Amino acid sequence: MRRLPHFPKKTKKKNSVSSWKITYSRFKPAQENLREALCTLGNGYFGTRGAVTESAASRIHYPGTYIAGVYNKLATHIAGRTILNEDFVNCPNWLPLTFRIGKGEWVVPTANKILFYHQELDLRRGVLLRKIRFQNRSGQRTTIETQRIVHMENPHCTAIRYMITPENYEGEIVVRSALDGAVQNTGVARYRQLNSKHLKPGCLGTFNKNGIYLSMKTSQTNIEISEAAKVYIFTPSLRRGAGLTDSKEIRAASKILTKDKREISQEFTMFVRKKERCVIEKIVSIYTSKDRDIRSPLTTAIKSVKNSRGFNVLLKTHRRAWMSLWKQIDIQVEGNAFSQKVLRFHAFHLLQTASIHNTMIDAGLPARGLHGEAYRGHIFWDEVFAMSFFDLHTPEISKALFLYRYGRLPEARKYAEKNGYKGAMFPWQSGSTGIEETQTIHLNPMSGKWGPDHSRIQRHISFAIAYNVWQYWKRTGDLDFLTRYGAELLLSIAQFGASLSIYNPKDRKYHTQGLMGPDEFHEKYPGVAKPGLKDNAYTNLLIVWTLFKAQQILSFLPKYRRIQLVNKLGLGQKEMNRWKDITRKMKIVINDHGIISQFDGYFKLKELNWEAYKAKYGNIQRMDRILKAEGKSPNEYKIAKQADVLMIFYLLPLSEIKHLLHRLGYRFNKSMLKKNYNYYVERTSHGSTLSKIVHCYVANLLGKSKESWQWFSEVLESDIYDTQGGTTFEGIHVGVMAGSIDIAIRGFAGIMILEDRVRINPSLPKSWHNIKLRFCYKESWVFLFITKDLVTIFIRGPKSKQSVPIEIFGKLHHLSFGKAYKIRYNP
C-alpha cells in the first residue's frame, strides 16, 4: 500500500483536544432541553437525546428516542375540523437508571443541591459523559459519573456505565433500571394540543434475573418496537470472580415492578461503603418489525442483549467505528478554534442522523435529525444542502437516501396525477409512505391562532431531488445507480416539470402558476383567496435545468435501459420536443436593472419599514408571524423568509446560469449577481437557518470576504447557540449543519465538481491558516492541504484509472495517483 504524503501536522495547542469536545461546566435548567438535543447520540438507525437517566419528561428534562422510519398517524379535532398528523414516534425510553439511599426518594441529581457539574460530548469517540456531585436534604453527598454510547458499529445496541460514589455515608442503596413505554410526543410546545399518545402495550417480562424486556406497538402503523436490557453491577466487595450480578448477594435482592403493561423496572439492593465506587452497566438492544429479515423483534432483542459483551468491549468497538469514520470525513482547520470545533460538531450529528446503517433500513433524511420531534421527523428539501457531504465522503449513504425517494416514486406519480400533472410530484413533507404529510393548519405561537398552511405547494422539492441525483452522478460516476434508479427519478421529475409549464401564445412563453418558492412568507397574492404565485424564478429555472439534464442523462444510459425507460414513461418524440421548447421559452421576470423578480408581481408589493420593526420587536426573523399577529399579511410586502432568487446562485455555477438564461433569451453577467444579492439581502429576515448559508456562499462568490465571514460565523452559531431562540431543542437543523461544511469545502476551499473535472479555487478566510481534508471523486480519494498560497494534493485511486483532471485557478492538471503535488497560487 502506498504511503500518504507528509502533510504538516498541527502543533499541539491547548485547544487541540477541546476541538473534539462540547463541554458544560454548570447545570442550567433553562438550557437543559437545548443541551439534550445537542448531546443526542445516534447511529443512523436510532437517536437518543442527551437527557439524564434519572428523570422522566418534566419541565426541565425531555428524554426521547427516535428510530429512523418509525412514524404513526393520529387524528385530532381542532379549530373546527378533524386533522390527521403523522408523527416521528417518541419510542420507549431505555434510559431510566437511578438509585435511592435506603428508604429515601429516588435520586434526580438535578433536583438536589449541585456541588459540581461537568458534562462532555466527546465527538471523536461518540461518548456522552456526565459527572455530578450533589447533596440531598439529609446532607448525604454523592458523586455520579456516567458514560453513554449509541453503538456506531452495531445499530441495535446502546449502553450506559453509571458510577455511584457515596462521599460521607454508607449503607444500603437500591438501584433501579427500567424500560418506559408510557412516553408520549410532547417535545414541541405548538403540537401539544394534538393527540400524542402513539404507543399501545405489547408485552413485558424478565430474563436471566438481571434482564428485562418491553415490547410496544404504534397504534396506527402497527410497528412493533422491542427493547431488552440487562444490568451488570460491580462493587469493590464483589469484584472477585468478575463481580457481575451473578453475585447471590445482589441477585437475591432483585425486585421486578410493572406499571400498566407500559413500563417495567428492576431493582437491586446492595451495601455500599463510604468513598467506594459502585459501577452499574446497562446494556440495551432495540429492534422493530420494520427491520429486514427479523421475524420477531422481541426474541431478537433478548437474544442480542444476552450475547452482548460488557461496556468496555462495546466502547472499544464503538470507538473503532467512529475513528474509521473520522478518517474519511474530518476537516481540519488551523487558525480558528471555533470553526474547527463546530465543523466537527456538525459532521458528527450528520453521521448520527444518516450512517452506513441506512443501507439496511428504509428511511430518508429528517430535516431535524434523530434529535427531536420538530417538523414531525419529516423529510423536506434540506437534502439539497446535505447530500454533498454524503456524496463526497460516504456515497453509499447518499445512495441509501436516494433509495428512500425511489421507493416512493409510485406515490409521487399518484400525487402528480391527483393534481392534474404528469410524471412524479414529490410531497413537500414526506414520512413513512411518501404521501403528502404537510399539515393543513398551523399554529402561530405569537397570536395563539390556527391558520391555513399552504406550504405543500412548494413544488420545487421535486427539482431539488432531480438536482441531487445529477450531482451524485457527477461526483461518483455511479452508472449502476444511474441506470437502475437515478435516471428514472430524474426523468419522471422532468415530466412533472414539463406538465407544470403552461404555454401562453400571447407572449410565446411558458409559465408556472399556483406555486410557492423557498420563501414561505409569500403564499398568494394580496387580496386573493386562492394560494399560489405565478412564475417563481427559482422554480422556473430549475424546471429548465431539470429538462436540460434529463435530455443529457438518456445519452449516458445503456441502450437497453434507455429503451426500457422511454417505453415505461411514455417519452415520445412530441414530448421530448416540448421539453426542448420549454428550455428556450420559460418565463423569468427580470427588470431593467437586472434584478430577477422572485415571482411575477413581486416588484409591485409594498416596502417594509425594517428599522421600525427591529426597534419594536428586536428579533424579526419570523416577520410573517409578527405581521399576522398585527392583523396584516406578509403577502403584501417585499420581504422574504429566506433566500429564494439567490438559491439559483447557490446551486448552479455562474457559467451554467449564464448558459440557461442565454438559452431563454435573457442577458446575464456577474454584475447581475451583485445587484440581486444587494437587492434581496435588504429584504430578507432569515427566518430559516438555511438562508444564511446561501447568503454566505453568494457573498463569497462576490469576493465580499468580511461579509461572507460574518454570515459563516452566524451559520456556525445557529444551532450550538440556538440563535433562533428556542428551535434547536426541538431538533437540530440538518440543512444548516451540512451547509456549513459545504461552505468550507465548496466556498472557502473552492472545490467544485464539474462534469469532467475537479475545480479548486481556494479563498480561505483571513483567520484560517490552512485547511486539510479529503473527498471521494469517482472512486478516487483526493487528499488536500491548502494554505494561503499553496495547494498540496495527493490522490489514491483504483487500478483501472491513471489520473484525475484537476483545474486550479483556470489551469488544468492531470494528476497521477500516488504522488504528492504542490501547486502555488495567487488568491
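## Close-up views of a predicted protein chain

The protein chain exposes about 32,300 Å², and carbon and sulfur atoms supply 49% of that area; accessible areas come from the Shrake-Rupley method with a 1.4 Å probe, and for residues, only the protein chains shown count as cover. This is a predicted model, where local features need pLDDT of at least 70 and side-chain atom pairs count only at pLDDT 80 or more, while totals for chains, interfaces and linings use all residues. Residues are numbered from 1 along each chain as its sequence is written, and side-chain values use heavy atoms, with hydrogens and water left out.

View 1. Helices (H or I, at least four residues) and strands (E, at least two) are DSSP runs, numbered from the N terminus. Along the principal axes, the C-alpha atoms fill a box of roughly 90 × 70 × 60 Å. Of the 827 residues, 62% are buried; buried means under 20% relative accessible area, exposed means over 50%, and partly exposed lies in between (1.4 Å probe, protein chains only). Among contacts between residues at least 6 apart in sequence, 68% join residues at least 24 apart, where a contact means heavy atoms within 4.5 Å.

**View 2. Charged side chains in the protein chain number 127 positive and 70 negative.** Lys and Arg count as positive and Asp and Glu as negative, while His and the chain ends are not counted. The centres of the two sets lie 4 Å apart, with the place of each charge taken as NZ of Lys, CZ of Arg, CG of Asp or CD of Glu.

**View 3. Gly44 sits in the loop between β2 (41-42) and β3 (46-48).** With a relative accessible area of 0%, Gly44 is buried. Leaving aside residues up to four places away in sequence, Gly44 touches several residues, among them Ala68, Leu351, Asn358 and Leu370. Look also for Leu365: 321 residues separate Gly44 from Leu365 along the chain, yet their C-alpha atoms are 9.4 Å apart.

**View 4. Phe380 lies in the loop between α6 (337-353) and α7 (383-393).** Phe380 counts as buried, at 8% relative accessible area. Beyond residues up to four places away in sequence, its contacts are Ala367, Tyr375, Arg405, Trp428, Gln429 and Ile461. Ala367 is 13 residues from Phe380 in sequence, with 6.2 Å between their C-alpha atoms.

**View 5. Trp450 belongs to strand β21 (residues 449-452).** Trp450 is partly exposed, with 22% relative accessibility. From C-alpha to C-alpha, Trp450 and Ile78 are 8.8 Å apart in space, although 372 residues apart in sequence.

**View 6. Asn619 is in the loop between α15 (610-617) and α16 (623-629).** A relative accessible area of 42% makes Asn619 partly exposed. Not counting residues up to four places away in sequence, Asn619 touches Ile626, Thr723 and Gln724. The C-alpha atoms of Asn619 and Gly687 are separated by 9.8 Å, and the two residues are 68 apart along the chain.

View 7. Find Lys275 in the loop between β17 (263-272) and β18 (278-288), where Lys275 is exposed, with 65% relative accessible area. Phe809 is in the loop between β29 (803-808) and β30 (811-816), and is partly exposed at 37% relative accessible area.

**View 8. Cys39 and Cys278 are two buried cysteines.** Cys39 has a relative accessible area of 1%. Cys278 is at 1% relative accessibility. A disulfide is a covalent bond between the sulfur atoms of two cysteines. Here a disulfide is counted as a pair of cysteine sulfur atoms within 2.5 Å, and by this rule there are zero disulfides.
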